[in-house]
Amino acid sequence: MNLRRLLAVPEWAGSVRVLAGVTGLDRPLRTVVATLTPAHEPARDELVVVVAPVSPADWRLDALVRHSADAGSTGILLPALEPLSGTRLLADRLGIPLLTSTADPLELLVTARLHLAAPDLDRAELVMAAHRALDDRPRSPEEVVTLLGELLRSPVALLDDRGQPLAGELTEAGLVRVEEPVAQRISVDDGVLLAHPARGLWVATVLRGTAAARADVVPPALAVAASAVQRWLLANRLELERDARSRSALLGDLLRLDDEPSADLRRRVADAGWRLGGWHIGFRLGVSSTVDVVARTREVVRALGADDTVVVEHGEGWTGWLTLDAEPTAARVRRLAARLRTAHKALGRTLDTHMGVGRPHPRPEGLATTVAEATDAARLAATRPETGHFLHVDQLGLAQLLLEWTRTDTFEPAARALLAPLRQVPGDLVRTLAAYLDAESSLAETAAVLGVHRNTVAARIARVEQLLGVDLRRRDERLALHLACRTVTLGD
């Protein structure tokens with residue numbers, strides 16, 4: 001142990017000040033001795049604790065500083081004393097740390113000897129203190145960060161998987177390598193950054209000045225805090241999943257409604273804070289099956305950013321709606337659709353999503369109708385990168401009506417039968433045809449999408465027309481094949 005490390009011990013850190021000789025704080029420390037007067041012969045690697053009051057002008061203080069330097073001592077601790085400037089200058093010149101404290105010097109001496117005798121004592125005490133502060137009951141991230149910060153007397157933060165603070169503040173948060181889920185120690189100006197993973201999150205702190213000497217002691221306490229965060233995450237996850245199941249079941253009952261809602265259903269709707277009256281505009285936000293829908297719900301709600309919006313975890317994504325008191329004007333519908341598009345675009349920074357928006361419909365049965373329209377629009381939006389994977393039913397026109405047909409039991413078998421000749425030969429003709437029709441019959445754009453030469457596309461399209469016996473210059477044949485390609489592709 002050295003003197004800098006001792007100064008980081010909580011009992012010393014809160015009461016001992018360094019008056020001079022800062023350059024000698026890394027001197028080794030082997031023992032701590034007490035003396036009643038400055039008339040003491042110091043030994044090598046020894047910290048001298050003067051326990052009786054002395055005068056700042058006592059010449060023996062200068063002598064003690066010189067003898068300590070000659071003997072290779074660690075430093076001198078004085079009781080509540082501000083020595084003369086000459087004494088401090090002498091200690092600075094000789095590199096002998098000169099300390100003072102208003103605390104009981106004998107208590108400081110006992111603490112120092114305990115830590116010298118058992119170097120792991122500080123670590124054990126900190127871990128026990130962390131366990132006592134962060135007991136077994138779930139605590140919020142804000143509580144964990146606050147309690148740990150008080151124990152460490154240093155800033156603490158909980159970081160997300162992008163290194164951004166979720167609770168607490170930490171200027172150096174961006175230095176944490178969030179892609180490496182292991183405990184980390186990173187040097188920063190005048191200190192060290194410590195971080196410990198916690199189920200995709202990070203508990204991090206920065207130790208500066210003398211506190212940096214505890215860098216080998218603090219990591220176990222961070223691990224205790226990480227466990228507390230994990231307990232909260234699990235408890236919160238159970239609550240979120242319970243609420244999600246309840247909302248999803250209630251939504252299912254509303255969408256299956258074919259008559260007036262019962263009194264029990266109305267009560268459940270009221271308990272959820274939903275409204276059945278008025279006019280509803282539904283939306284559907286779809287994601288891939290790998291997305292944790294329950295965990296990302298709060299992010300979706302924040303992006304939509306309105307109290308009048310209902311969001312329900314539903315399959316691979318979210319179903320929701322806005323309820324208005326009266327039938328909205330066309331201008332208001334456009335504004336609401338624009339707001340949803342903005343939210344979808346914001347979510348697209350971290351989620352691969354597609355979104356559909358329904359038309360306004362009144363009363364409980366209208367809710368099911370607008371949600372169904374939004375779901376159809378979202379299915380179509382998933383295959384429309386040119387629209388930003390966002391579609392509003394009012395923009396679809398005839399395509400929406402045709403899409404309804406594609407959802408019937410008869411259309412998909414017919415579509416597969418129509419395209420069967422293309423699937424029986426090599427060349428990926430179905431994908432080529434779909435890309436060609438998506439690109440509005442542009443050979444160059446189709447070639448760019450598929451990553452092949454335009455002559456290859458031209459040859460494949462000619463082969464398609466030959467195998468199917470169609471003329472892709474005719475609009476009705478193009479439309480039928482376009483819908484068939486989309487249906488088969490989505491089905492696959």
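User: Where does L201 lie?
Analyst: L201 lies in strand β10, which covers residues 201-208. Strands are DSSP runs of E with at least two residues, helices are runs of H or I with at least four, and both are numbered from the N terminus. Bear in mind that this is a predicted model: local features need pLDDT of at least 70, side-chain atom pairs count only at pLDDT 80 or more, and totals for chains, interfaces and linings use all residues. Residues are numbered from 1 along each chain as its sequence is written, and side-chain values use heavy atoms, with hydrogens and water left out.

User: OK. Is L201 buried or exposed?
Analyst: L201 counts as buried, because its relative accessibility is 13%. Buried means under 20% relative accessible area, exposed means over 50%, and partly exposed is in between (1.4 Å probe, protein chains only).

User: What does L201 touch?
Analyst: Its contacts (heavy atoms within 4.5 Å) include L158, L159, D160 and D161. L166, H196, V229 and L233 are also touched by L201. That leaves out residues up to four places away in sequence.

User: How far is L201 from L347 in space?
Analyst: The C-alpha atoms of L201 and L347 are 20 Å apart. In sequence, L201 and L347 are 146 residues apart.

User: What about pockets? Which residues are closest to the centre of the largest one?
Analyst: Start with the volume: the largest pocket holds about 1,100 Å³ of space. Its lining has 26 residues, and D160, L166, L201, A295 and R296 are the closest to the centre.

User: What counts as a pocket?
Analyst: On a 1 Å grid over the protein atoms alone, with a 1.4 Å probe, a pocket is an open set of points with protein on both sides within 12 Å along at least five of seven lines; lining residues have an atom within 4 Å of a point. Points join across faces, edges and corners, and the volume is the space filled by probe spheres set on them.

User: Which helices supply at least two residues of that lining?
Analyst: Four names to look up: α7 (141-152), α8 (219-255), α10 (293-304) and α11 (330-347).

User: And how many lining residues are charged?
Analyst: There are 11 charged residues, alongside 12 nonpolar and 3 polar. Asp, Glu, Lys and Arg count as charged; Ala, Val, Leu, Ile, Met, Phe, Trp, Tyr, Cys and Pro as nonpolar; the others, Gly among them, as polar.

User: Switching topic. Where is P261?
Analyst: P261 sits in the loop between α8 and α9 (263-272). It is buried, because its relative accessible area is 8%. Beyond its neighbours within four places in sequence, P261 contacts R266, L276 and P364. P364 is 103 residues away from P261 in sequence, yet the C-alpha atoms are 7.8 Å apart.

User: And V371, which helix is that in?
Analyst: V371 is in helix α12, residues 363-381. V371 is buried too, with a relative accessible area of 3%. L255, T319 and W321 are its contacts, leaving aside neighbours within four places in sequence. From V371 to R284 the C-alpha distance is 7.2 Å, across 87 residues of sequence.

User: What is the relative accessible area of T446?
Analyst: It is 0%, so T446 is buried. T446 belongs to helix α16. It touches T432, A435, Y436, A439 and V457, not counting residues up to four places away in sequence.

User: What touches A80?
Analyst: T102 does; T102 also touches S15, not counting residues up to four places away in sequence. T102 is in the loop between β5 (98-101) and α5 (105-117), and it is exposed at 75% relative accessibility.

User: What about E440 and its phi?
Analyst: E440 has a positive phi of about 55° without being a glycine. E440 is placed in the loop between α15 (429-438) and α16 (443-450). Its relative accessibility is 72%, so E440 counts as exposed.

User: Last one. How many helices and strands does the protein have?
Analyst: The protein has 18 helices and 16 strands. Its C-alpha trace spans about 110 × 65 × 40 Å along the principal axes. Of its 492 residues, 46% count as buried.
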